[in-house]
Amino acid sequence: MRGLPEEILDAESEQVLARVCAIDVAKESGMACTRISGPSGRRVSRVWQVAATTNAVGDLAADLVAAGVEKVTVESTSDYWRIWFYQLEAAGLDVQLVNARDVKNVPGRPKTDKLDAVWLAKLTEKGLLRPSFVPPAPIRVLRDYTRMRVDLVRDRTRYWSRLEKLLEDALIKVSSVASTLRTVSTRDMIEALIAGERDPQALAELARGTLRGKRAALVEALTGRFDAHHGELARILLDQIDRLDTEIAKVTERIGVLLDDLDPPAPPPTPGDDASVIDARRRLAEIPGINTESAQLIIAEIGLDMTRFPTAAHLVSWAKLCPRTIQSGTSLTAGKAGKGNPYLKGALGIAAATAARGNGTFLSARYRRVVKRRGKGKALVAVARSILVIVWHLLADPTARFQDLGSDFYDRRVDTTRKINSLVRQLEALGHTVTLQPAA
């Protein structure tokens, strides 16, 4: 049995090049290798060591430009690749970053930096490497700020956790009554404890809003052994939290300014104009589960130029939100999805959990449909994947706007005749005779 031949076009990166360079990266230096045709027509490898300093890499870039190098490959070793990539990119060279896992040397050959650089150059000239996604410089700057905000928020959460442990040590159980320590009421109670107030009745009177209805429980929760050393440590923790709040606000403001430069808000529409053309941030924020901060982080991680990802499936695969396909003969299995971008997957995971808790949307219906047969974890990944597909379409088309398919999307796609026949067969298998009559 012979199947029909299938044509598979080469990707843009899969082309044979005459003049290439590859760099095996280390912390203090890098091993550079150029591959250029010699006078006899045979390919010649030239290998030398370059210090990982701005001046040395700048000189290397000038030499490569003078030699007419068409493409430079840099191995992604820790963060040490950045000085090489940024400097060579700034010199106008075509630079690609590759995963070290994809460029392992052939087994049985010696493992040295020189041979690794030669092997990397040979793979480059034959177009056998798949470049990693590196966004342009403005997006990288934005990404630094959004990632810093995520890290600062995590640090602030750690300090809140330490404060709760400190209160538990002082036998103060206010977190069992209040939903969180971050409310104004609990902050006032902690400040009063630090100031020396120990009367549970007086502390409970500081409750505001719905928490005032729990004053009796607060009196019991605020009866403990909060002493001077607890107050001193609590003051340190609260000061750290306030400092982080200030820094997070500064970073958030800076992110807004950077996004205004990259994706300026559209002016108010005039009568007769298409009001759907608005900035990407607002269009992404229309997706259930995504807020303004999530939209900012997603743009910082994948950029605004979706030509880097030919289809939504390419973006989903890059984000590792789909399982690997493993085929051998007639056996077809699904492998693990992989780690992917932790910041992007974290934002999409939170968005998926938020959308799943809602009602009346396509994403919430998708979660409930998948969770029944695949479990909560895989259902959330499925919703995150759907959100990323929506994001790709919105960014690929600047005029596109999100339109929810509705919670009845799957019900509307059901083949009613097929469903009826299936139910009739199930009843007949149980020994019943079925007569169908249309409803009045």
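Colleague: In which hand does α4 pass α8 in a crossing?

Modeller: This is a predicted model, and the two helices are α4, residues 137-169, and α8, residues 228-262. Their axes come within 9 Å. The crossing in which α4 passes α8 is left-handed.

Colleague: Are α4 and α8 roughly parallel or roughly antiparallel to each other?

Modeller: The axes of α4 and α8 cross at roughly 160°. Angles over 145 degrees count as roughly antiparallel. The relation of α4 to α8 is therefore roughly antiparallel.

Colleague: How many nonpolar residues has the contact of α4 with α8?

Modeller: The residues in the contact of α4 with α8 are sorted by class. Five are polar and eight are charged. The nonpolar ones number 24.

Colleague: In what order do the five strands form the open sheet?

Modeller: β1 (residues 20-25) is joined to β2 by six bridges and runs antiparallel to it. β2 also pairs with β3 (residues 43-51), in the antiparallel sense, over nine bridges. With mixed pairing, the order in the open sheet is β3-β2-β1-β4-β5.

Colleague: Which are the edge strands of the sheet?

Modeller: An edge strand here pairs on one side only. From one strand to the next, the twist averages 20°. The edge strands are β3 and β5 (95-98).

Colleague: Which helix packs on the sheet with a direction that makes about 140° with that of β1?

Modeller: Helix α1 (residues 54-66) packs on the sheet and touches β1, β2, β3 and β4, but the angle given for α1 is about 160° with the direction of β3. Another helix, residues 113-125, touches β1, β2, β3, β4 and β5. The helix at about 140° to β1 is α3.

Colleague: Through how many residues does a hairpin join β1 to β2?

Modeller: β1 covers residues 20-25, and β2 covers residues 29-37. The two strands run antiparallel. The hairpin that joins them goes through three residues.

Colleague: Which residue in β4 is the bridge partner of A22?

Modeller: On the β2 side, A22 stands opposite C33. C21 likewise has a residue opposite in β2, T34, and one in β4, V72. T34 in turn stands opposite R46 in β3. For A22, the partner in β4 is T73.

Colleague: How many of the six residues of β1 are buried?

Modeller: Buried means under 20% relative accessible area. On one side of β1, V20, A22 and D24 are buried, and on the other C21, I23 and V25 are buried, so both faces are covered. The count for β1 is six of six.

Colleague: Why is α10 largely enclosed by the rest of the structure, and what does the cover of its buried residues include?

Modeller: Helix α10 (residues 292-302) is largely enclosed because nine of its eleven residues are buried. The buried ones are S294, A295, Q296, L297, I298, I299, A300, E301 and I302. What covers them includes α4, α8, α9 (280-285), α11 (312-318), α12 (342-357) and α14 (376-396).

Colleague: What is the relative accessible area of L171?

Modeller: L171 is in the loop between α4 and α5 (184-195). Its phi is positive, near 65°, and L171 is a residue other than glycine. Most residues other than glycine have a negative phi. L171 is partly exposed, with a relative accessible area of 40%.

Colleague: Is K320 buried or partly exposed?

Modeller: K320 lies in the loop between α11 and β6 (325-328). K320 is not a glycine, yet it has a positive phi of about 60°. Its relative accessible area is 29%, and buried would mean under 20%. K320 is therefore partly exposed.

Definitions and conventions. Residues numbered from 1 in each chain as written. Predicted model: local features only at pLDDT ≥ 70, side-chain atom pairs only at ≥ 80, totals over all residues. Heavy atoms only, no water. Buried < 20%, exposed > 50% of the residue type's maximum accessible area, 1.4 Å probe, protein only. Helix = DSSP H or I, 4+ residues; strand = E, 2+ residues; numbered from the N terminus. Pairing = 2+ DSSP bridges. Axes fitted to C-alpha atoms, helices over the stretch in contact; angles between N-to-C directions. Parallel < 35°, antiparallel > 145°, perpendicular 65-115°, else oblique. Left-handed = near helix turned anticlockwise from the far one by under 90°. Nonpolar A, V, L, I, M, F, W, Y, C, P; charged D, E, K, R; others polar. Contact = heavy atoms within 4.5 Å.
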